[in-house]
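Please open the model in your viewer and keep the sequence panel beside it. The tour below moves from one selection to the next and says what is found at each stop.

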Amino acid sequence: MAESHTRSAYGTARQAGGGRRSSRRPAALIFFGAVVAVVLFVWALAAAFEYVDGLVVADSHRVAETGEIVRTRFGGPLTTAEIVDYLPERLRFRPVSWLFWPLQFSLVRDAIAVTGLVGFVSVFTMYAIWWERKVAAHIQSRLGPMRVGGWHGWAQSLADKIKLLTKEDLVPAGADRILYRLAPYMAFTPVLLAFVALPFGTYWVLRNLDVALLFVLAMLGIEVIAVIVAGWASNNKWSLYGGMREASQMVAYESPMGLALLVPIMLAGTLNLAAIGDQQQAGFHMWVVFRNPFAAVAFVLYFVAALASCKRAPFDLPEAESELVAGFMTEYSGFRWGVFFFAEYTSMFVVSGLATTLFLGAWYSPLPAGWGEALAGGGVVARAAHGLLFSGPLWFIAKCVALVYVQIWLRWTLPRVRIDQVLYLFVQVLLPLGMVVLLGNTLWVFLVPEDGIVAVVANTLLCTAGVIVAAAFLGVAVVARARRYRLVGSLAVDHLPGA
Amino acid sequence: MRHALRWIVMAGVWSALAGTAWGAEAPVPPAESSSTILEAIAFYAMAAVALLSGLAILVSRNLVRNVVCLLAALGAVAGLYFLLAANLLGAIQLIVYAGGTLVLITFGVMLTSRPGSDRQLVRGWERIAGGVVCVTLFIGLCMVLLCTEWATVAASAEPTTVAAVGRALLTDYLVPFELASVLLLVMLIGAAYLVRRDGESGAEDDADRC
Amino acid sequence: MWTIGLTHYLILAAMLFCIGVAVIVTKRNAIGILFGVELILNAGNLNLVAFSRYRGADIAGQVVAMFGIVLAAAEAAIAVAIVVNLYNATATIDVDSATTLRG
Amino acid sequence: MTAEEITAVLEQELADAIAGADSGGMHPHVWVTAVRLHDVMQFLRDDSRLQFNMLRCVSGVDGPASNEIDVVYDLLSMQPAVSELWRARHAFAVKVRLDRANPHVPSVADLWPTADWHEREAYDLFGIVFDGHPDSIKDHDGLHPQRILCPDDWVGYPLRKDYVFPDEYHGIPGKLEAVPPGPG
Amino acid sequence: MAKLTDKMVEGQPDLLADLDAETLATDDLLTEEMLVNMGPQHPSTHGVLRILLRTDGEVVREATPHIGYLHRCAEKIGENVAPFQFIPTTDRLDYLAAMNNNQTFSVAVEQLVGIEVPERAVTIRILMAELNRIASHLVSLGAYGLDMGAFTPFLYAFRERERIMDLFEAACGARLTYSYITIGGVTMDLPDGFTDACREFLEYLEPKIHEYNQLLSYNQIFIKRAGGVGVISAADAIAWGLTGPCLRASGVRWDLRRCMPYEGYEQYDFEVPIGLPQGGEPPVPPGVPQPRVPRGVVVGDCWSRYFVRVIEMYWSVHLVRQALDRLRPGEHKAKLPRSLKLPVGEIYFEGENPRGQLGFLVIGDGSPVPSRVKVRGPSFNNLSITSHVCRDCLLADVPAIVGSIDIVMGEVDR
């Protein structure tokens with residue numbers, strides 16, 4: 001009886017979604033329309049320049065002479081001919097080369113990459129929201145979304161987005177109309193821009209900036225102003241409190257985060273994220289977090305400051321629902337609230353991305369690099385195994401998702417900290433700790449020889465500690481899974497709907 | 001006027017996106033190649049954003065709108081730095097200026113604003129006098145700029161690496177570097193002393209001030 | 001018209017500078033004046049970086065611009081501190097009314 | 001101490017303030033004149049033998065038949081102890097009989113702060129004016145404690161026996177017949 | 001205590017004296033402080049309570065509770081219906097502890113009329129009252145975790161409360177407003193198999209309370225947020241008429257069930273937990289791991305009020321077990337005439353509710369309808385101290401303090 005009931009409910013939901021679009025100009029269409037327009041514009045631009053230049057962009061052999069490091073396989077300037085001979089023989093006939101013709105313009109490649117990135121970010125955010133609700137549910141011994149879209153309610157976020165899109169587009173009375181409308185996009189755009197410099201793999205970085213780390217930090221900093229402006233423009237006392245709390249919290253966590261990030265920079269000697277990643281490629285013992293004890297403490301310090309920067313877990317004061325109703329997001333509803341939510345989850349991913357790139361061996365797999373070469377050389381199965389076990393983006397996203405999981409896990413187990421405790425914690429506890437870690441790391445780098453006894457011992461100790469933590473985590477998960485009925489008692493069987 | 005402001009700021013944000021995405025790895029500019037045209041487009045876009053947001057600060061009275069316009073201006077100038085192959089400076093400008101100083105100014109705006117007090121209290125003739133002064137100043141500057149012959153050296157637009165700037169800071173510019181840190185220390189103590197509410201001793205609980 | 005020369009940047013910086021001066025002159029609100037000062041400093045930095053780029057990519061201009069940014073941050077902090085103090089002493093931050101030098 | 005002893009002590013100390021006593025029954029109490037109420041309460045709280053440290057409840061009782069309103073103060077004396085259980089010494093009540101048309105009685109909020117809200121409620125529902133109440137305001141009804149349960153501009157005192165429920169309040173219909181006929 | 005009106009805030013220093021008229025005319029109210037309404041629709045005020053806060057930045061200068069949004073004039077109903085018809089209204093006073101309300105009113109009327117309640121009925125009443133105390137404390141602990149931002153304990157607490165609601169549903173058919181205990185005894189006898197289900201639930205619940213201690217009570221952030229916040233001294237507690245866990249947390253070992261016993265509570269053995277300073281060990285029934293008061297906790301602060309309720313849940317489980325052993329077959333309700341005539345006289349009786357002492361003043365005048373029923377709600381008094389405690393606290397502490405006092409608007413507004 002329950003099944004038929006849900007199917008009909010699901011059915012009606014579909015019709016409701018397709019109902020009459022609200023007459024006023026929905027903000028969503030403009031936003032997605034703008035993204036598509038950028039892509040088409042780039043395509044047309046490439047065609048236009050063909051006539052202006054009249055010449056193929058500088059040929060490829062010049063790259064070999066000047067020894068310019070061609071970071072991305074397609075990074076440097078490149079010709080259609082080169083693309084075509086990269087294809088397998090069977091595809092090398094005339095119309096295909098026409099298809100790949102625009103690829104030779106770096107702007108077109110950027111446009112495609114940007115579209116891919118926006119696609120990845122929106123898909124990741126949608127599933128991060130759904131995943132958080134599932135993880136929260138299982139922490140609280142309930143099931144979470146189960147009905148929308150079939151298995152475990154995977155389409156719940158999609159349904160939420162459609163609901164958000166069809167919601168009324170209202171602006172509170174007395175609010176500063178322009179700033180109120182602008183704030184969500186001011187919060188979302190910088191975080192999306194941060195992906196420009198984030199390396200997903202050796203060939204998977206949109207712009208290999210020399211100042212990548214500073215660029216990402218800058219983008220996270222601008223988002224703060226959007227929150228303050230949102231709080232001010234909503235003409236609501238609670239939002240103003242939310243905005244002011246975000247401002248004071250930002251002042252508190254910015255300096256310890258900076259100090260914590262100095263440690264990997266000092267170890268790697270550069271701000272270029274791709275270069276920092278390359279120094280951690282020989283397996284998990286080469287990860288910066290296991291390099292020396294100060295780096296491990298710096299990782300924890302950075303992660304705590306990162307929690308405060310994307311307003312998560314114990315530091316979610318700007319949108320504290322039990323005190324400030326909903327903080328700076330009180331007056332927002334519909335798609336604008338969705339964009340703020342979008343920005344929060346995207347900044348969670350960016351912050352985890354930074355932590356992975358700097359501390360947890362970027363896109364390199366924890367397995368020793370030796371196995372990688374062995375597998376890569378072998379037969380089809382071995383190469384497939386290599387592709388699976390050593391692929392850059394796969395490992396980068398896996399590590400980021402693991403860190404996002406920790407952030408979700410913290411949110412549903414810890415109560416919220418008070419504003420003066422946050423300021424005390426960051427300014428009087430973590431800032432001195434950051435300075436001590438920085439000093440310690442400097443001394444370690446100068447005094448301790450690279451491959452001396454002390455360095456090797458410290459490295460092995462930290463590696464074993466890391467393995468123990470990972471094993472313990474997996475062990476507890478398996479044991480809890482096996483005995484979950486005992487934990488919840490007989491309740492688990494008869495009370496849960498359809499369990 | 002409101003819609004105009006809205007499009008200025010949106011354009012600023014989008015041009016910052018295009019500027020940073022494009023300018024960072026300016027490819028080799030052979031004469032009149034597609035990249036120089038794009039570079040020109042980017043330059044004019046960002047210049048337009050910077051100037052329009054500056055004018056918006058001049059015109060609008062709402063302080064928080066000024067903060068957003070200043071943010072757009074700083075973003076546009078950062079984009080120009082990227083165009084001028086000064087990547088490190090662009091990033092520092094965004095962090096220190098847009099991320100730090102602007103939040104400071106926002107604090108100033110929030111702490112000292114009262115509802116309905118941010119009206120323009122300027123009388124008519126003051127505005128005209130200001131305008132005249134600026135225009136004459138601008139004409140004077142342009143006269144100087146246009147008729148002098150700048151000795152420019154066409155150099156490759158490789159973005160200066162962080163290492164080069166770092167080395168320069170610690171070798172050629174060591175004295176100003178140390179002086180700057182001393183100045184920051186003095187400023188820190190001065191600001192803390194100034195803001196101490198009279199009557200209380202130093203240990204002001206931060207919760208009271210935020 | 002399409003190639004961007006040094007003069008383009010200098011004229012842009014001059015325009016920013018004049019707008020900054022205009023903002024300082026017309027705003028009576030202390031924080032408003034702060035905005036003007038920021039614009040002027042930006043114009044200065046832009047000039048420096050433009051020269052550094054168009055004179056053989058020597059990094060003198062960039063380094064001095066960096067110091068410019070640091071000083072701007074310091075100056076803004078002091079300015080906000082003074083304004084908050086002014087607000088605490090007299091009830092308004094209207095520059096014309098702050099005529100007395102008493103504490 | 002038993003109710004009789006308490007009444008005896010009271011009559012011995014403040015004879016003129018006591019108007020009558022009923023120490024039998026389940027609710028032993030003593031009648032006090034409105035004028036001397038504050039002194040009696042002060043004595044009950046501070047006297048070494050009585051020490052009524054907890055004011056449990058202040059309730060108004062409306063008696064339209066005899067055209068008067070009573071105020072009942074229920075008091076309790078708790079014997080403090082360091083770590084074991086506190087012992088209940090004795091419970092007692094004090095009643096005051098007031099004229100129904102213009103009930104005035106001095107406030108005891110300064111002796112027990114809990115009386116503050118109780119007296120505001122007694123005024124709100126019975127119209128008993130407690131003179132010297134810390135939260136009193138002056139409006140068309142003169143100086144009286146502020147209303148606590150009903151809206152500040154409510155007319156009438158709901159718990160009086162002769163109270164008539166208003167037809168409407170700010171357009172909200174109070175009675176069924178006061179509801180205007182709907183469009184249907 | 002300067003009374004706060006929504007109009008001009010008095011006592012504001014006159015800073016505008018030396019400014020010219022033009023600026024003066026435009027700024028009427030110069031104040032850094034803001035008047036903020038927390039409620040009546042606010043996620044952390046339990047029910048419809050509105051607190052008007054005068055805040056200066058994050059610091060709350062003055063908090064003034066405004067009540068009356070849930071006022072249904074229960075006392076007026078009391079004067080128009082017979083006592084056994086008033087029972088459903090007592091359910092809705094403290095709607096989280098309906099059994100205790102019914103029990104207190106029934107005892108008041110029985111003592112007034114002088115009805116003898118059969119032995120089995122008295123034991124069932126104590127059984128039900130203590131079960132309802134556990135349910136009510138579970139809600140208050142869960143909601144308090146919610147006020148602090150910890151979402152998970154709320155769901156665990158409600159999962160256990162579901163088990164108790166199933167037991168009540170088996171006994172009297174209702175989940176929240178039971179009207180099960182009435183004058184003269186209990187409306188229906190216990191269903192068979194109830195005692196075994198009840199024992200199984202107690203076995204299931206006892207280790208869970210220890211689990212919640214680990215999850216929330218001893219959590220460092222929770223201790224930092226609740227310890228040393230909203231401290232109420234014993235003298236203030238008595239002066240403001242606080243009763244129940246709020247009074248006990250201030251170090252006053254006072255429980256009506258032990259100090260002025262009624263309904264045979266003197267035959268049961270249980271301890272009265274009070275707020276202990278750092279390192280103190282509250283009394284706990286045998287077979288329960290000994291809890292310890294962590295560092296940073298003061299007698300009479302929010303944490304102590306929270307923890308007294310946790311320990312009371314242990315003792316209620318112990319009490320229910322004793323009640324189950326004491327159950328003997330017999331009458332579940334005394335024989336009463338159709339229309340019970342109330343004698344001329346009055347009685348003031350108070351019973352120990354989960355939130356404090358619920359008092360009834362019942363005045364009979366010979367007719368079956370009482371001439372006056374005065375209800376003394378414990379939350380009404382407990383709430384009155386918020387303005388005294390919340391002075392100069394932080395904005396985030398107001399929900400913490402109000403949550404720890406644990407008010408139910410049903411019995412505040414009556």
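Predicted model: local features only at pLDDT ≥ 70, side-chain atom pairs only at ≥ 80, totals over all residues.

Residues are numbered from 1 along each chain as its sequence is written, and chains are lettered from A and ligands numbered from 1 in the order in which they are written.

**Stop 1: the core.** Select A:Val216 and A:Val229, which touch the most other members of the largest nonpolar core, a set of 367 residues. Such a core consists of buried Ala, Val, Leu, Ile, Met, Phe, Trp, Tyr and Cys residues joined through C-beta atoms within 7 Å. Helix α9 of chain A (residues 212–233) gives this core its largest share, 19 residues; helices here are DSSP runs of H or I with at least four residues, strands are runs of E with at least two, and both are numbered from the N terminus. Leaving out residues up to four places away in sequence, A:Val216 touches A:Ala194, A:Ala197, A:Leu198, A:Val350 and A:Leu354.

**Stop 2: the domains of chain A.** Colour chain A by its three domains, domain 1 (42–104), domain 2 (167–447) and domain 3 (452–499), whose bounds come from an automatic or database domain assignment. The centres of domain 2 and domain 3 of chain A, taken over C-alpha atoms, are separated by 25 Å. Seven residues from domain 2 of chain A and five residues from domain 3 of chain A make the contact, where two residues are in contact if their C-beta atoms, placed from the backbone, lie within 7 Å. On the domain 2 side, α12 (288–291) and α13 (293–309) of chain A each supply at least two residues.

**Stop 3: chains B and C.** Show the interface in which 74 residues of chain B are in contact with 61 residues of chain C. On the chain B side, the largest share, 14 residues, comes from α4(B). By class, that side has 54 nonpolar, 14 polar and six charged residues, with Ala, Val, Leu, Ile, Met, Phe, Trp, Tyr, Cys and Pro counted as nonpolar, Asp, Glu, Lys and Arg as charged, and the others, Gly among them, as polar.

**Stop 4: the sheet of chain D.** Select the open sheet of five strands in the order β1-β2-β5-β4-β3 of chain D, where the pairing is mixed; two strands pair if DSSP finds at least two bridges between them. Because β1 (18–22) and β3 (54–63) of chain D each have a single partner strand, they stand at the edges, with one side of each left without a neighbour in the sheet. β3(D) pairs with β4 (residues 68–79) of chain D in the antiparallel sense over nine bridges, and D:Leu55 stands opposite D:Leu75 in β4(D).

**Stop 5: chain E.** Here an open sheet of four strands has the order β1-β2-β3-β9, with antiparallel pairing. Five bridges join β1(E) to β2 (residues 50–56) of chain E, and E:Val36 has E:Leu53 in β2(E) as its bridge partner.

The cut-off for buried is 20 or more other C-beta atoms within 10 Å of the residue's own, with exposed meaning 12 or fewer and partly exposed in between, and C-beta atoms are placed from the backbone. Leaving aside neighbours within four places in sequence, E:Gly145 is in contact with A:Pro415, E:Ala150, E:Pro153, E:Phe154 and E:Leu216.
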